[in-house]
Amino acid sequence: MKEITMYIKPEKLEVVKEVLQSHGCGGMSVMSIMGCGIQMGDTRTVDFKGLRTNINLIPKIKVEAIVKDEIVEELLLDIRDKVATGQAGDGKVIIKSVEDVMRIRTGERGNDAI
């Protein structure tokens, strides 16, 4: 099993959800975050809790899913095909090995739990 973590543009969330569903992913976690990569964002000076500070963070969406090993390559190709715009800021996908998973409700383990 693999944990797939994606950092994407907010407007691409529905596309990513459709891709994950089409590959039989049983679930995902979605978080709204702020960050910057090579594009470094728009530097602005703002008042934050009474202090003037520069920010260069861009709104992003973090999507996490646990998937079966056999679908990882096809899933990555589909994400690249449907999410990429060719511009800086398209995002990143991080793949990590998962040793085990347990569904709390039933006690199922491994692929049966995802």
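Visitor: What order do the strands take in the open sheet of four strands, and how are they paired?
Guide: In this predicted model, the order is β2-β5-β1-β6, and the pairing is antiparallel; strands, like helices, are DSSP runs numbered from the N terminus (E, at least two residues, for a strand; H or I, at least four, for a helix).

Visitor: What makes β2 and β6 edge strands?
Guide: β2 (29-35) and β6 (91-97) each have a single partner strand, so one side of each is left without a neighbour in the sheet. Neighbouring strands here are turned by 20 degrees against each other on average, with direction ignored.

Visitor: How do you know that β2 and β5 pair?
Guide: Two strands pair if DSSP finds at least two bridges between them, and β2 and β5, which run antiparallel, are joined by seven bridges, so by that definition they are a pair. Within this part of the sheet, Met-31 stands opposite Lys-62 in β5.

Visitor: Which strands does helix α1 touch?
Guide: Helix α1 (residues 13-22) packs on the sheet and touches β1, β2 and β5, and its direction makes about 5 degrees with that of β5. Such angles run from 0 to 180 degrees between N-to-C directions, with axes fitted to C-alpha atoms.

Visitor: Why is Val-63 called buried?
Guide: Buried means under 20% relative accessible area, taken with a 1.4 Å probe (over 50% is exposed, and in between is partly exposed), and because Val-63 has 0% relative accessibility, Val-63 counts as buried. This residue is found in strand β5 (residues 58-67), and of the 114 residues of the chain, 29% count as buried.

Visitor: What does Val-63 touch, leaving out residues up to four places away in sequence?
Guide: With contact meaning heavy atoms within 4.5 Å, Val-63 touches residues including Ile-4, Met-6, Leu-13, Leu-20 and Val-30. The C-alpha atoms of Val-63 and Val-93, which are 30 residues apart along the chain, are separated by 9.3 Å.

Visitor: Where is confidence lowest in the chain, and where is it highest?
Guide: pLDDT is the predictor's confidence in each residue, from 0 to 100, and its mean is lowest in strand β3 (residues 44-48), at 67, and highest in strand β1 (residues 2-8), at 97. The chain averages 89, and 89% of the residues score at least 70. Where pLDDT is low, the predicted coordinates should not be read in detail.

Visitor: What rules lie behind these values?
Guide: Residues are numbered from 1 along each chain as its sequence is written, and side-chain values use heavy atoms, without hydrogens and water. Because the model is predicted, local features need pLDDT of at least 70 and side-chain atom pairs count only at pLDDT 80 or more, whereas totals for chains, interfaces and linings use all residues.
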